[in-house]
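Keep the model open as you read.

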Amino acid sequence: MSDAMEGETERETGVKKARHKGKHDKPKPWDDDPNIDHWKIENFDPSWNESGMLEVSSFSTLFPQYRGKKYLKTPLSFLKYLQQVWPAVTQALKGHGVKCELNLVEGNMVVSTTRKTRDPYIIMKARDLIRLLSRSVPAPQALKILNDEMQCDIIKIGSLIRNKERFVKRRQHLIGPNSSTLKAIEILTGCYVLVQACHHGNTVAAMGSFKGLKQVRKIVEDCIQNIQHPIYHIKTLLMKRELAKNPALATENWDRFLPKFKKKNVQTKKVKSKEKKPYTPFPPPQPPSKIDLQLESGEYFLSDQMKSAKKWQQKQEKQAEKAAENKRKRETAFVPPKETSKSVSEPAKTKDDQSEVAAMAMSLKVILFLHYCMCWRKDTLP
């Protein structure tokens, strides 16, 4: 009945109302209120749940296998550290009405609710706390997860790639030299990031806001899957950080300002595909055996003396060929090099030399003639 009345009003006014799937999914007066921050996480007030929890909820976390000697026992140093920080963990959880237990024999940590628990979501926070402690996150940092505005994310990277050498290399790209890349990611995303760099470290632990955790997961997965290096994500985050400072660009699309990195495809060797031969039901012919070859050449019917004589003759022929080749190689050292062709300037030099020789000969003739004249004059005078 109400649907029919709404249809009539729509026809009269000509304005269509927005349809909602749920029966009670109707617009509220505070949905469009600019004074209300819908993303703000308010701190829990115990007065909201004075009766407490009706059932007991518990979570247990085992220590990772890679922490043990031969992957069976937990090292003594890590046990000592847990024993030192466990009183602080117990005291922090006791303030929220959560009970915790450390079992060193079985190697696990257990958290459970009590009658004093008021916040129903605190058990999930306690579960995240023991998960972070089991992944070597320092206790002072892990205890921050109990705050309402702090969230955590455990990113599994061990199953993203099969090759162990490539996995270790790409995980090192995420850390960077002297952890410089990891520090840059922490500063730009506002999250605490811990990469397990040991031989069997297959997870990345991150703590921060929802927005920062989403960015961290994108960076980690792109790095391990070789989609994009973390340094390009860092450049993009730096530009977004500078664009956010300009209020004029708050409502605009930033895609035109952000850099677009193209992945360079490394050319791989093309595998030569073998041509498929036509199918035949008959098998290939059997290659001839040694005896068959001897029968064809007639060697099979020769006597032992003739066979040895033939082998000796073949050996002498090979030696003669080898000796001739060696002699030819030795004689190549005594072969005179080919004379180079005369250059263009040589004919001009020869002409100059000839002219000089002719001039010298003419001068000698003149000197001899003068000497002859002198001698003749002396002889003729009284």
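Y300 is partly exposed, with a relative accessibility of 42%. This comes from a predicted model.

**Aromatic pairs**
- The structure contains 2 aromatic pairs.
- In one, the ring centres of F44 and W48 lie 5.5 Å apart with planes at 85°, so this pair is edge-to-face.
- F44 is partly exposed at 25% relative accessibility, while W48 is exposed at 53%.
- Y300 and F301 also form a pair: their ring centres are 5.6 Å apart and their planes stand at 90°, so it is edge-to-face.
- F301 counts as exposed because its relative accessibility is 65%, and exposed means over 50%.

- F301 sits in the loop between α9 (290-297) and α10 (304-331).

**Nonpolar cores**
- In soluble globular proteins, nonpolar side chains tend to be buried together.
- The largest nonpolar core here has 30 residues.
- L93, M109, V111, L132 and L133 have the most contacts inside that core.
- Elements that each supply at least two of its residues include the helices α2 (76-94) and α3 (122-134) and the strands β2 (98-103) and β3 (108-113).
- A second, separate core has 22 residues, among them L174, I175, V204 and I219.

**Contacts of V111**
- Beyond its neighbours within four places in sequence, V111 contacts residues including F59, L93, V98, I123, A126 and I130.
- Its partners also include S57, S58, K99 and R127.

How values were computed. Residues are numbered from 1 along each chain as its sequence is written. This is a predicted model: local features need pLDDT of at least 70, side-chain atom pairs count only at pLDDT 80 or more; totals for chains, interfaces and linings use all residues. Side-chain values use heavy atoms; hydrogens and water are left out. Helices (H or I, at least four residues) and strands (E, at least two) are DSSP runs, numbered from the N terminus. A nonpolar core is a set of buried Ala, Val, Leu, Ile, Met, Phe, Trp, Tyr and Cys residues joined through side-chain atoms within 4.5 Å. Buried means under 20% relative accessible area, exposed over 50%, partly exposed in between (1.4 Å probe, protein chains only). Contact means heavy atoms within 4.5 Å. Rings of Phe, Tyr and Trp (its six-membered ring) pair if their centres lie within 6.5 Å; planes under 30 degrees apart count as stacked, over 60 as edge-to-face and the rest as tilted.
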